[in-house]
Amino acid sequence: MITSATQQGMMVLWMCVFLPVLSASQRSEPMFSVVTGTMLPPDYDNNPTQLNYGVAVTDVDDDGELEMFVAGYNGPNLVLKYDKQNKRLVNIAVDNRSSPFYALRDRQGNAIGVTACDIDGDGREEIYVLNTNNAFSGRATYSDKLFKFRNGRFEDLLNDDINEHRDVANRMAGRSVACVDRKGTGRYAIYIANYASGNVAPHALIEMDEAASDLSKGVIALSNVADQAGVNKFTGGRGVVVGPIINQYLSDVFCDNEYGPNFLFKNNGDGTFTDVAQQAGVEDPMQHGRGVTLADFNRDGKMDIVYGNWNGPHRLYLQLGSSRKHRFKDIASQKFSMPSPVRTVIAADFDNDNELEVFFNNIAYRGSSSNRLFRVSRREHGDPQIEELNVGEAAEPEGRGTGAAVTDFDGDGRLDLLVSHGESAAQPLSIYKVNQGSRNSWLRVIPRTQFGAYARGAKVVVYTKRSGPHTRVIDGGSGYLCEMEPVAHFGLGKDTATNVEVYWPDGKSIARPLEASEINTVLEILYPTGDEEEETPEIEIECGNGFALNENGRCTDEDECTQFPSVCPTDRPVCTNTYGSYKCRANKRCSQGFEPNDDGSACVAQVAYFGGTQSSGVRRWSGLSLWPLSLSLLPGLSSHLQTGLL
Ligand SMILES: *[C@@H]1O[C@H](CO)[C@@H](O)[C@H](O)[C@H]1NC(C)=O
Ligand SMILES: [Ca+2]
Ligand SMILES: [Ca+2]
Ligand SMILES: [Ca+2]
Ligand SMILES: [Ca+2]
């Protein structure tokens with residue numbers, strides 16, 4: 001028997017051996033605790049042990065509260081609703097033909113991607129489910145589904161006679177799906193990242209054909225407009241994310257693809273798109289993208305793109321300054337970029353400390369693979385700092401993670417995390433709560449479309465007293481195969497939010513001050529109808545340090561360098577305006593190819609940035625590219641096919 005003295009001795013020995021090698025992530029407090037056992041215990045009806053993939057957060061039963069729609073692959077789709085009485089999640093898509101949610105189960109579909117948005121302008125979100133039955137790429141043996149609540153229950157619009165005749169149903173193997181209001185009408189199109197096989201299965205874009213529809217009679221005609229919109233490209237489609245990425249308010253689309261360069265589709269303002277990935281430096285042609293999301297990590301008002309590459313370097317593409325040229329540079333640290341079998345990527349402020357975290361969901365594949373969590377903190381005059389955090393129980397090293405989503409389903413102002421599993425092993429869903437930051441303030445903002453639906457793709461900016469503006473895009477599809485909650489979630493730490501602005505995809509916007517009583521609440525923001533004629537607010541709009549109100553009542557960066565007397569001291573007279581601040585440096589002249597360093601004390605070589613790997617000479621997808629040829633050229637693919645990695 002081991003005595004307690006021996007035990008203590010062994011403890012000391014263990015600590016001596018292991019403490020010095022503990023990483024910072026292991027030393028920090030664990031972020032997540034598992035609550036599956038109380039919130040969603042595995043059982044046949046609510047949390048079956050089956051293969052699941054994508055997750056979308058939407059109000060399925062139209063009661064104003066958000067549910068989580070889980071794409072079931074070899075079992076039914078699930079709709080998880082928070083039951084306030086019993087403080088747990090229940091599946092409302094029950095196996096009962098009389099249930100209004102029965103059709104959503106769609107037991108026959110091998111569902112992987114899911115997204116929700118209002119496609120017909122009735123104020124309620126439809127649900128699009130991408131099925132891949134029997135196919136890795138090209139043609140599938142089963143149609144996708146577009147569920148609408150009609151006649152007291154959910155029905156599949158793609159199965160309507162009119163749409164059967166129009167042959168619009170997507171019967172291709174694809175991956176992610178996302179919602180895009182390409183013309184700012186409040187009626188969304190579904191972007192479908194199909195996985196091409198040769199010249200079969202280009203990316204698709206399905207939307208309501210208004211001229212051919214008769215809403216008063218419940219007739220909704222659908223069209224695939226990918227061709228006219230300019231997005232019908234052939235590639236190995238994987239992750240998709242939508243939002244005003246390079247446009248100020250129009251919805252752009254970014255796709256991280258497999259066996260081909262990424263797409264960055266710039267919205268031209270007329271419902272068409274132009275791929276500017278190469279100019280922007282985000283083609284990353286040799287890597288195979290998976291989960292992707294948008295966030296403004298350095299709080300300069302420009303959206304940055306973060307995504308994972310399958311067993312390749314993960315990217316954190318910061319959008320650079322100049323307003324005309326849209327360039328990105330990868331600031332991922334060595335640890336952050338470390339290759340892993342990555343699936344969903346989520347950026348959110350989990351601990352409400354007003355800095356964003358990035359969650360990587362990795363799939364246990366040929367051995368264990370833990371999920372990881374990083375904090376990306378803004379720095380005043382430099383790129384954001386990246387530190388790994390302790391992900392806690394959400395590490396799930398043996399989890400066959402396939403998808404994940406965040407929402408605050410119990411309404412405590414802190415985000416909850418759902419992780420789905422599948423692919424190579426049937427595992428139940430898991431639910432995590434955040435342990436950290438319970439005393440931090442928060443604000444949740446829900447903008448609505450002109451029809452009253454969730455305004456996916458809208459941009460929400462919250463100005464604060466001390467930490468500047470924080471920008472979020474209402475998610476229309478992100479992660480991998482997933483769609484997050486349609487809420488702009490702001491952690492505030494100990495800071496105070498003073499003002500909120502919302503920009504809709506058609507360019508309409510509103511600005512309004514926030515009152516102290518609105519902190520720690522959920523704010524619904526309606527679409528401006530135009531006749532309310534911006535009433536003078538009772539409290540004045542405060543933009544915070546470095547920002548001032550412009551003539552339109554919006555907060556904008558102040559150019560301190562134009563002030564008199566100069567804001568810079570005489571020994572460092574050269575003023576450079578930055579977003580929310582300014583820099584001063586000595587008046588040093590440098591020869592060509594060199595530039596003064598930050599404080600102007602020396603000349604340093606001009607820094608050229610590289611937004612990823614050089615793209616020249618790389619094989620491109622085209623309608624004519626021959627898939628069998630590509631197959632033989634790309635040895636990696638056969639192993640993908642064998643493992644069936646969706
Ligand atoms: C099925 O649903 C209907 C209507 O909600 C209900 O009346 C009925 O009892 C349910 N059947 C079963 C077997 O639960
Ligand atoms: Ca609901
Ligand atoms: Ca609708
Ligand atoms: Ca940014
Ligand atoms: Ca945080």
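Two strands pair if DSSP finds at least two bridges between them. The views below show a predicted model.

**View 1. Strand 27 and the strands joined to it by bridges.**
Strand 27 and strand 28 (residues 430-434) run antiparallel and are joined by three bridges. Strand 26 (residues 401-407) is also antiparallel to strand 27, with six bridges between them. Val419 of strand 27 is the bridge partner of Ala404, and in strand 28 the bridge partner of Val419 is Ser430.

**View 2. Burial along strand 27.**
Strand 27 covers residues 416-421, and six of its six residues are buried, so the strand is largely enclosed by the rest of the structure. Asp416, Leu418 and Ser420 point one way from the strand, while Leu417, Val419 and His421 point the other way.

**View 3**
In soluble globular proteins, nonpolar side chains tend to be buried together. Leaving aside residues up to four places away in sequence, Val114 touches Gly54, Ala56, Phe69, Ala71, Ile127, Tyr128, Val129, Val177, Leu481 and Glu483.

**View 4. An open sheet of three strands, in the order 32-29-35.**
The pairing in this sheet is mixed. Strand 32 (488-493) and strand 35 (522-525) stand at the edges with a single partner strand each, so one side of each has no neighbour in the sheet. From one strand to the next, the twist averages 20°. Strand 29 (residues 441-447) pairs with strand 32 in the antiparallel sense over five bridges. Trp442 has Gly491 of strand 32 as its bridge partner.

**View 5. An open sheet of four strands, in the order 22-23-24-25.**
Pairing in this sheet is antiparallel. Strand 22 (342-348) and strand 25 (382-389) are the edge strands, and each pairs on one side only. Neighbouring strands are turned against each other by 20° on average, direction ignored. Strand 22 and strand 23 (residues 356-362) are joined by five bridges. Within strand 23, Phe359 is the bridge partner of Ile346.

Note on methods: Residues are numbered from 1 along each chain as its sequence is written. Chains are lettered from A and ligands numbered from 1 in the order in which they are written. This is a predicted model: local features need pLDDT of at least 70, side-chain atom pairs count only at pLDDT 80 or more; totals for chains, interfaces and linings use all residues. A residue is buried if 20 or more other C-beta atoms lie within 10 Å of its own, exposed if 12 or fewer, and partly exposed in between; C-beta atoms are placed from the backbone. Helices (H or I, at least four residues) and strands (E, at least two) are DSSP runs, numbered from the N terminus. Two residues are in contact if their C-beta atoms, placed from the backbone, lie within 7 Å. Axes are lines fitted to C-alpha atoms, for helices over the stretch in contact, and angles run from 0 to 180 degrees between N-to-C directions.
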